Amino acid sequence: MGDIKDYKIATLGSHTALQILKGAKDEGFETICICKKGRSKPYESYKVADEIIEVDDFSEYFELEKKLMDQNAVIIPHGSFVSYLGFENIGKIKAMHYGTKGIIEWESDRDMERHWLLDAGLKLPKIFEKPEDIDCTVIVKFHGADGGQGYFLANSPEEFYERMKDADSDRKYVLQEYIVGVPIYSHFFYSRLTGELEVMGFDKRYESNADSIGRVAAKDQVDVGIQTSYTVTGNIPIVLRESLLPQVFEMGENVVKASQKLSKGGLFGPFCLEGILDPNLNFYTFEISARIVAGTNPYVNGSPYTWLRYNEPMSTGRRIARDIKEAIEQDKLKTVLG
Ligand code: ATP
């Protein structure tokens, strides 16, 4: 039987590192946090890291990889991890990596992602190939827009072209049906060891200034010319109407099943379906994140859902460490690496 004392858990100091490292320590692992110089304070103050390695830039990851490998460190990817390293570099990681690397490619390409989610039987907002096709409210999303900067709504081709006059016309965009409803981000965990899908919790994002626009009268919004932006500033926990849960489980299970056709080994570990729930209680999914999302951060001490199942504090970060621990103890570590 393997011993977790022979392994460490490592991640980059950002995004969900606090709960990943805290969860790893709760499961008995030693932890390593790779931090940008000047940004290590939270990881020291909350005492989640046994070792902090400071770098000038996360692109130095590959230079220190040998050091991580010498310590038998298992790397936990998170949202910032993928964006700092670049998804094209994820495949170059030689250290032990939790999760299937191949699936990141599917997540990073809008067309591949759409194919995957449709194959899983999910409802998706319609996509319009060209502005002339617009026949309902659409959200115009610019590629690479940090925090949805510059996104706007249009109801017709004419309105689209009118509003495009103010935008940088060289930027690539996608025209997506705008779903009127509430945003719900559903957090899942699928373990290859147990073969079971777990629903870990839900959140919505707290976005500036989309979430503050309602604080001023519509007239003032127009007079002052407020532009909607969606910079994420934090996450708000949500407990879902219980009768919706069967549908949520089914969606998660179908996404995992569909992923097994796309990439060797399929999706496992934490993932998130980001969508809108309309007044008829239809879930429209507009994105999948195939790794731990920051929306799980309110649940460092577990969510109402993980409490039901575990009867002990179980964050998504800790659930990852539990998966790795069980794999080590069953001599199946390879099962959770990819
Ligand atoms: P990410 O950082 O996850 O790539 P982003 O900041 O580029 O995302 P999105 O999350 O895609 O942008 O969308 C920004 C906002 O618009 C969010 O509040 C989201 O809930 C909302 N939104 C996105 N797509 C739709 C849609 N089809 N209908 C209604 N609202 C949407």
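Q: Where is S14 placed in the chain's secondary structure?
A: In this predicted model, S14 sits in the loop that joins β1 (8-12) to α1 (17-26).

Q: Is S14 buried or exposed?
A: S14 is buried, and its relative accessible area is 17%. The cut-off for a buried residue is under 20% relative accessible area, so S14 qualifies.

Q: What is S14 in contact with, leaving aside its neighbours within four places in sequence?
A: The contacts of S14 are Y43, H78, S80 and Y84, once those neighbours are left aside.

Q: Turning to α1, which of its residues are buried?
A: The buried residues in α1 are A17, Q19, I20, L21, G23 and A24.

Q: And what covers the buried residues of α1?
A: The cover includes β1, β2 (30-36), α2 (41-45) and α12.

Q: What does the backbone do just after α1?
A: G28 takes a positive phi of about 100° there. This glycine belongs to the loop between α1 and β2. At a relative accessibility of 31%, G28 counts as partly exposed.

Q: What does G28 touch, leaving aside neighbours within four places in sequence?
A: G28 is in contact with I4 and K5.

Q: How far apart are G28 and V224?
A: In sequence, G28 and V224 are 196 residues apart. In space, the C-alpha to C-alpha distance between G28 and V224 is 54 Å.

Q: Which residues have a positive phi although they are not glycine?
A: N72 is one of them, with a phi of about 55°. D331 also has a positive phi of about 55° and is not a glycine.

Q: Where are N72 and D331 found?
A: N72 lies in the loop between α3 (61-70) and β4 (73-75), while D331 is in the segment after α12 (316-329).

Q: How accessible are N72 and D331?
A: N72 is partly exposed, at a relative accessible area of 30%. D331 counts as exposed, at 55% relative accessibility.

Q: New topic: what does the domain assignment of the chain give?
A: The assignment gives domain 1, made of 4-122 + 181-210 + 234-336, and domain 2, made of 126-178. Their C-alpha centres lie 31 Å apart.

Q: Where does the ligand lie relative to domain 1 and domain 2?
A: The ligand lies between domain 1 and domain 2, because both give residues to the shell around it.

Q: Which residues come nearest to the ligand?
A: There are 20 residues around the ligand, and K141, Y151, Q176, I179 and E207 come nearest.

Q: What polar side-chain atoms lie by the ligand's nitrogen and oxygen atoms?
A: Q176 places a polar side-chain atom 2.9 Å from a ligand nitrogen atom. For ligand oxygen atoms, a polar side-chain atom of E207 lies at 2.6 Å, and one of R205 lies at 3.3 Å.

Q: How much of the ligand does the protein bury?
A: The ligand taken alone exposes 620 Å², and the protein buries 85% of that.

Q: Which elements give two or more residues to the shell around the ligand?
A: These elements are β7 (138-142), β9 (173-177), β10 (182-191), β11 (196-209), β13 (269-277) and β14 (283-289).

Q: What is the make-up of the shell by class?
A: The shell has 11 nonpolar, 3 polar and 6 charged residues.

Q: Where is K126, and how accessible is it?
A: K126 is found in the loop between α7 (110-119) and β6 (127-128). Its relative accessibility is 41%, and K126 therefore counts as partly exposed.

Q: What does K126 touch, not counting residues up to four places away in sequence?
A: K126 touches R114, D135, L175, Q176 and E177. Among these, Q176 also has the polar side-chain atom that lies 2.9 Å from a nitrogen atom of the ligand.

Q: How far apart are K126 and D220?
A: K126 and D220 are 94 residues apart in sequence, and their C-alpha atoms are 32 Å apart in space.

Key. Residues numbered from 1 in each chain as written. Predicted model: local features only at pLDDT ≥ 70, side-chain atom pairs only at ≥ 80, totals over all residues. Heavy atoms only, no water. Near = heavy atom within 4 Å. Polar contact = N/O pair within 3.5 Å; in protein donor to acceptor, adjacent residues only side chain to side chain. Areas by Shrake-Rupley, 256 points an atom, 1.4 Å probe, with all protein chains shown as cover. Helix = DSSP H or I, 4+ residues; strand = E, 2+ residues; numbered from the N terminus. Nonpolar A, V, L, I, M, F, W, Y, C, P; charged D, E, K, R; others polar. Domains from an automatic or database assignment. Buried < 20%, exposed > 50% of the residue type's maximum accessible area, 1.4 Å probe, protein only. Contact = heavy atoms within 4.5 Å.
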